[in-house]
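Please read the following report alongside the sequence and the three-dimensional view.

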Amino acid sequence: MRILVLGSTGFLGGHIAGQLRTLPGVRVLGGGRSVDPGLPLNLLVDLAAISVAGLARSLRALAPDAVVNCAGAVSGDPVRMAETNARGPAVLCEALREAAPGARLVHLGSAAEYGPTPAGQILTESSPVSPQGTYGATKLAGSYAVTEAGRTGLDTVVLRVFNPLGPGSPAASLPGRLADELRRALPDGTVTVGDLSAYRDFVDARDVARAAVLAATTPGPLPAVLNIAGGTATRARDLAEELARVAGYRGPIEERGAGSQRSSAVSWQRADVSAAADALGWRPELTLADSLAALWAGHTKVPA
């Protein structure tokens, strides 16, 4: 089985490609817009810019049985985010229709597609979507392109990923940013962050990878959208204090300012993951403590 992972050098893509490489009978094909000397790349591609015809040519040559699309932009100017998050999946669907119509497409969506929900509400895949800001809106547009392609003949599934963390968490994420601040402030300096009152549903990147592997390899049709989350709402302040404990940090964590725009607009998120359990046999296995310990261990590792 040949599985193409687009965004294979990124945070989630790296975890997914790594788990796929452990499966017997699976050949992993790496794809992305930048080359990492330590990771194999079979397709150098920027979904924000490539044409349908150009991508179709590459897909014919690679002949994948499945494609996992982890490519995306979490920040930057609105044009780039729209090109990457909305145009990219649409181009990918059309290229697959031309070059590999039997391949399964697993697309990583985002919890940001849901937008604000009342405190205490548990989000299912049928909950209303009302994204706040460019990121959520462009991710939703990309997910719509994939689900529409699924309704018109392609074999597709959107994994709506909530707040991933764990080893390799990027600095653009709250856990990655906190780890950077803690390392700077150790042992008893001062950590200064924005508002930490929002509740988020965190999920380990390794659990996300396991869900993507199952989605790429499970036979038969899958639901259009599946929530991939920890299934628990955790206050960001509690996450910060637990990470500080893991790091051995003894100083204060000061909240100054309003935090991110999304945190102020979306103060609560918790997902129902029963649909993924039914369709894939998947449930999160790693705890928040597991994730934070692995994040910190990886964050402080000195390169050889």
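The model is predicted, so local features are reported at pLDDT of at least 70 and side-chain atom pairs only at pLDDT 80 or more, whereas totals for chains, interfaces and linings use all residues. Residues are numbered from 1 along each chain as its sequence is written, and side-chain values use heavy atoms, with hydrogens and water left out.

**The sheet**

Helices (H or I, at least four residues) and strands (E, at least two) are DSSP runs numbered from the N terminus, and two strands pair if DSSP finds at least two bridges between them. Seven strands make up an open sheet with parallel pairing, in the order 3-2-1-4-5-6-11. Strand 3 (43-44) and strand 11 (225-228) each have a single partner strand, so one side of each edge strand is left without a neighbour in the sheet. In general, strands of a sheet pair through backbone hydrogen bonds, either parallel or antiparallel.

Strand 1 (residues 2-6) is joined to strand 4 (residues 66-69) by four bridges, the two running parallel; here I3 stands opposite A66. Strand 1 also pairs with strand 2 (residues 27-32) in the parallel sense, over five bridges, and R2 has R27 as its bridge partner in strand 2. Four of the five residues of strand 1 are buried, which leaves the strand mostly covered.

Helix 6 (residues 205-217) lies across strand 1, strand 4, strand 5 (104-110), strand 6 (155-161) and strand 11. Its direction makes an angle of about 170° with strand 6, where axes are lines fitted to C-alpha atoms, for helices over the stretch in contact, and angles run from 0 to 180 degrees between N-to-C directions. Contact means heavy atoms within 4.5 Å.

| Residue | Relative accessible area | Class |
|---|---|---|
| R210 | 18% | buried |
| V52 | 24% | partly exposed |
| L55 | 1% | buried |

Leaving aside neighbours within four places in sequence, R210 is in contact with Q19, W282, R283, P284 and E285. With residues up to four places away likewise not counted, V52 touches V91, E94, A95 and E98. The C-alpha atoms of V52 and A90 are 9.1 Å apart, although 38 residues separate them along the chain.

L55 and V45 are ten residues apart in sequence, and their C-alpha atoms are 8.1 Å apart.

**The second largest pocket**

On a 1 Å grid over the protein atoms alone, a pocket is an open set of points where a 1.4 Å probe fits, with protein on both sides within 12 Å along at least five of seven lines; lining residues have an atom within 4 Å of a point. The second largest pocket has a volume of about 160 Å³. Of its 14 lining residues, F202, G230, L286, T287 and L288 are the closest to its centre.

Strand 10 (202-204) and helix 10 (288-299) each supply at least two lining residues, and strand 10 gives the most, with three.

Key. Buried means under 20% relative accessible area, exposed over 50%, partly exposed in between (1.4 Å probe, protein chains only). Grid points are joined across faces, edges and corners, and a volume is the space filled by probe spheres set on the points.
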